[in-house]
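Please look over the sequence and the model below. A short report on selected local features follows.

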Amino acid sequence: MEKKQQFSKEQTDAIRYEDGPMLVLAGPGSGKTTVITYRVKYMLEQTGINGNQILVITFTKAAANEMRTRFEKISGYSDGVTFGTFHSVFFMILRHAYGYNSSNIILESEKYQIINEIIEKHNMEYNGQDDFAKNVIAEIGLVKSEMKPVEQYHSVNMKADDFQITYREYDEILRANNKIDFDDMLVFTYELLRDRSDIREMWQQRFQYILIDEFQDINLIQWKIMCMLAAPENNLFVVGDDDQSIYRFRGARPELMLHFKDDYPEAEQILLDTN
C-alpha cells in the first residue's frame, strides 16, 4: 500500500463527488490520474458501488494499463472495475452482440492492399505506396468519426469522386469479407446502441459510472456513444486539459469538452490548477 496521499481541496471535491455529470479541468502535473484512481477507490469503499458497474476509459492501452496498475497499488485489488480504451470497450460490446473475435479485425497491411487495388482497378493516377494508402485510410476514419456523409467530405489526398469511390468500395470489401477496422468499431457500436434499446439498456445497467481520461481527445462518435451509455443517470466523470489535445488529426474535438455544460447543464465543474 502507498503512504497516505495528500490532496488539495479541489482534488478532494472531485474524488468525493456524488452522482451526476462532472467536468474536471486539469493542467499538466495537477494529479488528474491520482484523482481518477482515488475516486474509484472512494466509490468502492465509501459509497458501496459495485466495481462491475464502474468503467474507466482512456485512449491508449498503455494508459489504461497504467491506470489499472496505479489503482491496484493504492487499493490492493481491482474488484471488477473495467479499465480500457474506447476501442477495447466497444469491441467487447460488439463481440457480445455479434460474436466478433480478433480474426474479424483487418490488418493494416490488408487495408493498404485494398486501397491500392481500388486505385489500380479504376486507373486512378495516384502513388500506390503504403504512405499514400495510409493517408487515405486516415481520411476514411475521419469521415466515420465525424459522422459525415462522404459526399460532404473534401479529401486532401484524392479528387472528390475518386475518394467517394474508394471510400464505398473499401467498405464493401470489408463487409464482404466480414472484416472491420478500428473506425468500424465506433460506427457499429453507435448504430447498435442507437437501434437496439434492449442492448443499450443492458450496457447502461452494466456501466452505471463512467470515468473518461484525456477527455480533450474525444471525437464526436465516441462522445455520442458515451452519452448513450451514461443515460439515464448520466454519471459521467470526465477529466481533460483543453490545451493538450494530441488527436486533432483523428477528429478529436476539444470543443466537446468546452461545451460539456451545454450537453449537461446540471454538471459540476472543478479546476485542478496546482502543480
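Where does Asn178 lie? Asn178 sits in the loop between helix H7 (160-176) and helix H8 (182-195). Helices (H or I, at least four residues) and strands (E, at least two) are DSSP runs, numbered from the N terminus.

This is a predicted model: local features need pLDDT of at least 70, side-chain atom pairs count only at pLDDT 80 or more, and totals for chains, interfaces and linings use all residues. Residues are numbered from 1 along each chain as its sequence is written, and side-chain values use heavy atoms, with hydrogens and water left out.

**Backbone features**

Asn178 is not a glycine, yet its phi is positive, at about 55°. Asn178 is partly exposed, with a relative accessible area of 44%. The cut-offs for this term are as follows: buried means under 20% relative accessible area, exposed means over 50%, and partly exposed is in between (1.4 Å probe, protein chains only).

Glu214 also has a positive phi, of about 50°, although it is not a glycine. Glu214 is in the loop between E4 and H10. With a relative accessible area of 24%, Glu214 is partly exposed.

The peptide bond from Ala231 to Pro232 is cis, with omega near 0°. Pro232 belongs to the loop between H10 and E5. Ala231 is placed in the loop between H10 and E5. Ala231 counts as partly exposed, at 25% relative accessibility. Ala231 and Ala64 are 167 residues apart in sequence. Their C-alpha atoms are 23 Å apart in space.

**The loop between E4 and H10**

Asp213 lies in the loop between strand E4 (209-212) and helix H10 (220-230). Is Asp213 buried or exposed? Asp213 is buried, because its relative accessible area is 4% and the cut-off for buried is under 20%.

Which side chain does the side chain of Asp213 meet in a polar contact? The partner is the side chain of Lys32, at 3.0 Å. A polar contact is a pair of N or O atoms within 3.5 Å; within protein, one must be able to donate a hydrogen and the other to accept it, and residues adjacent in sequence count only if both atoms are side-chain atoms.

Contact in general means heavy atoms within 4.5 Å. Leaving aside neighbours within four places in sequence, Asp213 is in contact with Lys32, Ile36, Ile57, Thr58, Phe59, Met67 and Val239.

Asp217 is found in the loop between E4 and H10. Asp217 is buried, with a relative accessible area of 5%. The side chains of Asp217 and Gln216 are joined by a polar contact of 3.5 Å.

**Aromatic pairs**

A pair of aromatic rings is described by the distance of the centres and the angle of the planes. Rings of Phe, Tyr and Trp (its six-membered ring) pair if their centres lie within 6.5 Å; planes under 30 degrees apart count as stacked, over 60 as edge-to-face and the rest as tilted. By this rule there are 15 aromatic pairs. Two of them are set out here.

| Pair | Centre to centre | Angle between planes | Type |
|---|---|---|---|
| Phe91 and Tyr100 | 6.5 Å | 5° | stacked |
| Phe260 and Tyr264 | 5.4 Å | 45° | tilted |

Phe91 counts as buried at 10% relative accessibility. Tyr100 is buried, with a relative accessible area of 11%. Phe260 is buried at 0% relative accessibility. Tyr264 is buried too, at 6%. Phe260 and Tyr264 form one aromatic cluster with Phe215 and Trp223.

**The cavity**

How many cavities of 30 Å³ or more does the structure hold? The structure holds 1. On a 1 Å grid over the protein atoms alone, a cavity is a set of points where a 1.4 Å probe fits but cannot get out; lining residues have an atom within 4 Å of a point. Grid points are joined across faces, edges and corners, and a volume is the space filled by probe spheres set on the points.

The largest cavity holds about 40 Å³ of space. Its lining includes Glu18, Asp19, Gly20, Arg39 and Met43. Helix H2 (32-46), E4 and strand E5 (236-240) are the elements that give two or more residues to this lining. E4 gives the most, with 3 residues.

The lining residues divide into 6 nonpolar, 2 polar and 3 charged. Here Ala, Val, Leu, Ile, Met, Phe, Trp, Tyr, Cys and Pro count as nonpolar, Asp, Glu, Lys and Arg as charged, and the others, Gly among them, as polar.

Definitions and conventions. On a 1 Å grid over the protein atoms alone, a cavity is a set of points where a 1.4 Å probe fits but cannot get out, and a pocket is an open set with protein on both sides within 12 Å along at least five of seven lines; lining residues have an atom within 4 Å of a point.
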